[in-house]
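Hi,

Here is the structure I promised to pass on to you. Have a look at it first, and then read my notes below.

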Amino acid sequence: MLFLARMDVQFPAHLSTEDITRMQGLEKEYSQALQQDGRLTSIWRVVGEYANYSVFDVGSNDELHHVLSGFPMYPHMKIKVTPLAKHPNSIR
């Protein structure tokens with residue numbers, strides 16, 4: 001199953017720069033592991049925002065929820081998920 005997720009990050013003011021830097025490193029490791037195992041097929045930054053669009057290929061809604069909630073920054077994210085279906089004009 002394919003899903004498009006828009007993830008917007010908003011850190012609370014009380015977090016230190018060190019905490020944010022640590023989370024960013026953990027986030028990078030987690031997202032790269034998801035890319036390597038094929039569950040995160042594409043990730044794109046939204047220009048001018050602390051946000052991204054990501055395409056996930058997972059087996060179920062529950063698996064997607066598990067993947068999303070595993071992101072280290074999950075408590076500081078607003079996530080909008082859109083299920084995707086193959087377009088009849090697509091050559092892939």
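This is a predicted model: local features need pLDDT of at least 70, side-chain atom pairs count only at pLDDT 80 or more; totals for chains, interfaces and linings use all residues.

Glu 27 is buried, yet it has no salt bridge. How far away is the nearest side chain of opposite charge? That side chain belongs to Arg 22, and it is 9.6 Å away; a salt bridge would need the charged atoms to be within 4 Å. Glu 27 is found in helix H1, which covers residues 17–36. Leaving aside residues up to four places away in sequence, Glu 27 touches Phe 71, Pro 72, Met 73 and Met 77.

Next, the strands. Strand E3 (residues 51–57) has 5 of its 7 residues buried, so the rest of the structure largely encloses it. E3 pairs with strand E1 (residues 2–9) in the antiparallel sense, over 7 bridges; in this pairing Ala 5 stands opposite Ser 54. E3 also pairs with strand E2 (residues 40–45), again antiparallel, over 5 bridges, and here Asn 52 is the bridge partner of Arg 45. The hairpin of E2 and E3 has 5 residues between the strands, and in it Gly 48 takes a positive phi near 80 degrees.

Which of its residues are buried? They are Leu 64, Val 67 and Leu 68.

Enjoy exploring!

How values were computed. Residues are numbered from 1 along each chain as its sequence is written. Side-chain values use heavy atoms; hydrogens and water are left out. Buried means under 20% relative accessible area, exposed over 50%, partly exposed in between (1.4 Å probe, protein chains only). Helices (H or I, at least four residues) and strands (E, at least two) are DSSP runs, numbered from the N terminus. Two strands pair if DSSP finds at least two bridges between them. Lys and Arg count as positive and Asp and Glu as negative; His and the chain ends are not counted. Contact means heavy atoms within 4.5 Å.
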